[in-house]
Each structure stands twice: as structure tokens, then as C-alpha cells.
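Please consult the sequence and structure shown below.

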Amino acid sequence: MKKIYFSIICAALLASCTAPHPPKTESSVASPVDTILLRDFRPQVVDNIPVTFVERAKFPVIDMHSHDYASSDEEIAQWVRVMDAVGVEHTAVMHCSWIGRPFEEVVAAYAPYKERFRLWCCFDYSDMSEAGIRRACETLERYHEMGAVGVGELGDKGEGDLYARPVEGRDIHIDDPRIRPLLAKCAELKMPVSIHIAEPYWMYLPMDSGNDGLPNAGAWHVDSTACLGYWGLVESFENAVRENPKTLFIACHYLNMNHDLPRLGTMLDKYPNMYIDIAARVAESAHTPRATREFLVKYQDRVLFGTDNGMEAPMYQNIFRVLETNDEHFYVHDYYYHWALSGFNLPDKVLRKIYHTNAERILKEYK
């Protein structure tokens, strides 16, 4: 009986494999799940849940991370009007003379509103000899006299400082012994160093279906085989912070460590000369609201507000909504990535520090 039964099964399977496929019917047409591209996925929330519009920050704001976005006097004036409307007291304008317009031109452009903008400059890497570094220190002193309050945004995604002149290549990492005199000069001049280290972790991972950040990681993917890699970059930053204890470092974008806040907290515990800013990482933080809230409350004295996303009112207001409200599961497709966001509902005491007090303390101490 067993042999006969097995034979019948085999015959049935063979027949099913060789039989012609039935014609497609309406029910067998590919579903949207099979045809909509991941880059086109724009979900709309249908949940009946609170939606809060935050027109103006709850407390005065110091934006510690922005750039020379304005291309004319009128755009600067309009930026100031937006800042007035949303509650931003003043803004740090990060600038690199080697890529943008000369620093002198930036100083002149923002001079009519010098109480509303704090200017930051970058290092001159055009000559990495000892004599060249001495001249770079002199340039830094000159920029400081012209009004520069800090250095940055420096940046390293693995191949070296993004803003280095091509004369010496871009293989200059923040722990490079050649630039230690520049970091020491920053300490002497009381100029904080703001630096963008790496990118979010998933941008160094394989671009496959298991990558949680795929929709944005695809556009910003970093080939870690051709550079220091994510953890090598973190090590280079930690080396610099440890070896230059009198220099204050601001790690932009949560040090791009939103995926590992306990590790980031350990570094903050270890290095009193290290701060972080939250600029341009709303999506990466607001999709883990409970963990991020706990982190921000615990390290409320070491966190700085920043935007890094232009000059428009909705950009500021979206960030305020995340920091101030208890809203949950909402999307901001125009500014952020594919994750649903939720608010942190931070206590007033914490908001005041992140919005203003921490930055004010740094700018006064390092003036």
C-alpha cells in the first residue's frame, strides 16, 4: 500500500508541473505591493490621534548648527523674520572658506544682523608642513578677531576631512598629529570645534532588504572598504577628544550614533569636553522616541539644539513638534525619511537647556 500511494503522489506532482498554466485572471494581476517602488512609498496616517501644530518654540532657541544658506541680503532679512516668528534668538552659521565664499564676505553679509548670527570658520589645510600649520593657526586667530566664535562644521565620513583643500588630499582625520596645534589653538582662543563624524550606521551596511535605513542609505551609502569605516571614524574622534582635553568638541548629529545611544552616553560620561548637537537627525531619533527621550533627559546638560536644514518656518516647527509634544506615528515626507515619527514630550527643564541654556553657557565660557 505504501508503494502504491507514493507512486500516485509522484504522478500527481508530475502532472501539476507539466500542465499548462491557467490564463491570468483579474485576481492574479500583480498587487501594488509588487509594483510600488520603495522610494515612492508615502503612507498617510489614518489613526484618530492628536495632531499638534507648534508655531513657535516654547522657550527661546539658540540654533547651534546651520549654514550660509542665504544667497542675498533679502534672504538674510527673510531668515531673520522667520527666526523672529518661530522663536530663534540667534543662529550659528557654519562656514568653510575653501568651498563657499571667503570668510570675509560672510562676515560682511551678516554684519547688519551680527547679534542674530554667530559665525564659525574652518581650518586651512592647504599646507600641512609645520610652517603651514603655524600659518593656519595665524589665520584662525585672524578669523577669531573678525568674529568667528568656533570652528566647524568639520566633516569626515571616512576618507578624511570633507572640507580639506585638494592640495594635500582629503586624508586628514581629526586625530591626525599634524593638526594638534590647531586644536590647541582652539582651546587657547576658546573656540569650540563642531565636527560631523561618519553617517548613520546603516549607510555603512550592505544595501539589501535587511537594511533598516535603505530608502535614505541608498542615496548616502558609504563604501566602508575604501575608508576608515564607521567604527574607525568613531575611534578617530574619541582619540582627538581624549588627547585634547582643553578643547571643547561638539559632535554633530548625535555623533551619528542614534542606533547605539548607550555607547554614546558612555562617551559623554567619559569626556567632559564633549557635547552633541541634534541637528538633522529628527527621523533617526523620533522613530525610537522612548529611548531617545530617556537619553536626552539623562544627558540634558550636554545636548545642543541644531537644525542644518535651511531657513523655512516649517523646518523649525517640525523639530519643535518632536521635542515638545506627545504626538505619535506621524510622517513629514518633505523633510525626513521613511520612518514614522513620535514626539518626546520633554520636560520644560530639559527643553530650556537644549534650546538655550547649554549653548549660552558654551558661548559665554568660550567667548
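How many bridges join strand β5 to strand β6? The model is a predicted one, and in it three bridges link β5 (residues 193-197) with β6 (residues 249-251), the two strands running parallel. Within this pairing, I250 of β6 is the bridge partner of S194.

## Overall composition

The secondary structure of the protein consists of 13 helices and eight strands. The protein has 367 residues, of which 50% count as buried.

Among contacts with a separation of 6 or more, 75% are made by residues 24 or more positions apart.

## The sheet

An open sheet is formed by eight strands in the order β1-β2-β3-β4-β5-β6-β7-β8, with parallel pairing. Strands β1 (61-67) and β8 (303-304) lie at the edges, each pairing on one side only. Helix α13 (residues 348-365) packs on this sheet, where it touches β1, β2 (88-94), β7 (274-277) and β8. The direction of α13 makes about 75° with that of β1.

## Packing of α4 and α5

Helix α4 (residues 103-110) packs with helix α5 (residues 130-146) at an angle of about 5°, and their axes are 11 Å apart. Angles under 35 degrees count as roughly parallel; α4 and α5 are therefore roughly parallel to each other.

In this contact, F103, E104 and V107 of α4 meet R142, Y143 and M146 of α5. Four of the contact residues are nonpolar and two are charged, with no polar residue.

Notes: Residues numbered from 1 in each chain as written. Predicted model: local features only at pLDDT ≥ 70, side-chain atom pairs only at ≥ 80, totals over all residues. Heavy atoms only, no water. Axes fitted to C-alpha atoms, helices over the stretch in contact; angles between N-to-C directions. Helix = DSSP H or I, 4+ residues; strand = E, 2+ residues; numbered from the N terminus. Parallel < 35°, antiparallel > 145°, perpendicular 65-115°, else oblique. Contact = heavy atoms within 4.5 Å. Nonpolar A, V, L, I, M, F, W, Y, C, P; charged D, E, K, R; others polar. Buried < 20%, exposed > 50% of the residue type's maximum accessible area, 1.4 Å probe, protein only. Pairing = 2+ DSSP bridges.
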